[in-house]
Amino acid sequence: MDSEEFRRAALSSIDEIVKYYDHISERRVVSTVEPGYLREILPNEAPDKGERWEDIQKDIEAKIMPGITHWQHPSFHAFFPCASSYPSMLGELYSAALSGACFNWICSPAVTELETIVLDWLAKLLGLPATFLSTGPTNGGGVIQGSASEAVLTAMVAAREKYLHEKLPPRPQGQNDDDDVDQEREDALAHLRARMVALGSSMAHSSTRKAAKVLGLRFETIAVTDGHVSSSPPGTSDARGADMTTGKGGYALTGPALLAKLRDCRARGLEPFFLTATLGTTDTCAVDDFSGIAEALAQFRAECREGPGGDGAGEVWVHVDAAYAGTALVCPEVQDAIGVRGTARDTSAQIENETGTPKAANVTARSGVFDTFHSFDTNMHKWLLTHFDASCLYVRDRSWFVRALGVGQAVYHNAASSGGLVTDYREWQIPLGRRFRALKIWFVLRSFGAEGLRAHIRRTARLGALFAELLLSEEAQGMFELLAGPRFALTVFRMAGRGPSRAMAGKGKVEGEETEKNTLTRKLYEKINHSGKVWVTSTVLEGRFAIRFMTGVWKTEEEHVRMAHSLFVDLAREVLAEQPT
Ligand code: PLP
């Protein structure tokens with residue numbers, strides 16, 4: 001393909017992509033092909049002679065599209081969204097054009113510098129503490145990772161490095177990794193490593209467990225608190241979507257539960273060194289109690305210092321997994337609801353009123369909930385109009401990344417890196433090579449602006465609230481029950497059952513009702529997905545089978561939510577009609 005052929009091929013591809021997006025709602029959301037379908041229709045070998053683009057392009061519709069599940073479809077309500085937008089697509093195009101493995105600054109200074117700048121821009125938009133800025137007071141900064149799973153693994157590697165460094169006395173001066181092995185220290189390290197444990201709530205994403213598994217470390221969960229069932233309409237119709245953080249069904253990690261776990265670990269001789277706290281859990285979009293977590297950690301450290309032997313505990317690295325819901329922090333009302341921004345409150349007026357005596361200004365500053373935490377990660381590629389992959393990981397002190405992951409090799413040496421004036425992102429990640437992912441973020445931030453991004457989050461969160469309202473409306477005739485949400489455009493619900501008098505016989509009343517609700521909800525779930533009109537996913541909350549309905553896709557409009565709701569009502573009636581009397 002020469003330049004002219006490329007120009008023609010690219011123009012016709014763009015035309016086809018635009019057509020795909022304009023008519024996406026006419027397609028079935030989920031692919032129906034059988035496993036192995038593609039092998040049957042593709043040749044067994046790559047062609048000997050190059051083919052014409054026209055022939056290749058035809059196979060997109062003929063052979064690939066049947067095996068595509070359309071994540072940008074307006075009736076895609078499954079999992080969390082995987083974002084797309086035209087500006088982001090252009091970023092991917094330019095990134096492909098400027099292809100390179102830009103692991104060191106000198107490999108393309110613009111690639112590194114743009115990444116640092118746009119991640120600072122994003123941190124400010126999200127209201128994150130200055131500790132996460134590249135220009136902040138604690139040597140922090142941001143780096144783009146491929147996924148939230150990669151981010152938590154990277155953070156855990158750094159956390160392990162920090163913990164080991166802080167717990168074991170430094171090596172004698174002049175000794176470094178290339179010197180002879182210090183056997184005594186190696187033994188002590190091995191002994192300590194074997195007792196280190198990473199923690200997360202029972203609702204934390206499995207990526208934390210996986211990271212611990214990869215690193216050969218222990219992982220334990222902490223029980224969450226909640227979730228109560230509501231049958232009254234949620235108050236979620238604020239014009240700006242201000243209360244997208246509230247909703248039913250907490251299922252969150254609390255300070256007391258964490259403290260109990262930390263004490264338990266210590267009593268068993270374990271060393272808790274890492275905690276994943278979640279902003280927007282996968283199952284219900286719950287938000288862990290960040291200030292309670294900070295208090296529990298402070299209390300634990302104090303107890304360890306004062307306890308028998310006073311040997312202290314290393315600091316627990318707190319990683320905030322905000323993979324999906326974190327991008328909603330672009331909305332200031334969400335920042336306030338979560339408590340991200342510290343507040344400075346002048347309490348003098350109150351004092352004056354109480355005592356009748358004027359007092360000097362009495363300003364109390366409350367710090368933001370993330371101020372003492374060590375890392376934070378959010379995927380722009382989930383809800384913020386940016387293509388996969390754009391997982392934005394922030395760290396309070398980047399030197400722990402570099403210490404843990406900065407392995408030297410002669411071939412990568414260069415004057416800029418040796419001068420210490422530049423960032424080499426290869427030292428902040430597990431792979432070596434990296435592509436130009438900052439471009440699409442730059443294009444998205446500039447094209448939409450903060451206002452456009454906020455509008456997208458608020459609009460799609462409002463659709464979630466609308467869905468929950470419809471679910472509990474008269475039209476639904478009491479057939480549904482909210483288990484969690486609406487929160488961050490996610491609602492988790494189930495069928496309400498037929499009431500105690502008609503619950504399955506032969507079991508305890510409550511157990512019988514629960515079993516029936518699970519059976520009905522499973523049947524409804526299967527019918528919904530079998531229809532092919534929408535796609536939803538399910539979860540199980542404390543033994544209760546539930547359907548998750550997410551409205552974060554950029555193509556989803558009110559009409560699609562209303563259509564889905566009507567479909568659910570019809571199918572739920574069918575399910576009830578099919579029940580034996
Ligand atoms: N954390 C949370 C809260 C998630 O919901 C998910 C996936 O949905 C992940 C982590 C993993 O995301 P990734 O696919 O980017 O690894």
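**A walk around helix H4**

Let's start with helix H4, residues 86-97: at 1.5 Å a residue, its 12 residues should span 16 Å, and the end C-alpha atoms are 17 Å apart, which agrees. The expected span here is 1.5 Å times one less than the number of residues. Helices are DSSP runs of H or I with at least four residues, numbered from the N terminus. Please keep in mind that this is a predicted model, where local features need pLDDT of at least 70, side-chain atom pairs count only at pLDDT 80 or more, and totals for chains, interfaces and linings use all residues. Residues are numbered from 1 along each chain as its sequence is written, and side-chain values use heavy atoms, leaving out hydrogens and water.

Pro87, Ser88, Gly91, Glu92 and Ser95 are the buried residues of H4, buried being under 20% relative accessible area with a 1.4 Å probe and protein chains only. Seen down the axis of H4, these buried residues fall within an arc of 150°, so they line one face of the helix; the arc is taken from the directions from the axis to the C-beta atoms. They pack against helix H16 (438-471), with contact meaning heavy atoms within 4.5 Å.

Conventions: Helices (H or I, at least four residues) and strands (E, at least two) are DSSP runs, numbered from the N terminus. Buried means under 20% relative accessible area, exposed over 50%, partly exposed in between (1.4 Å probe, protein chains only).
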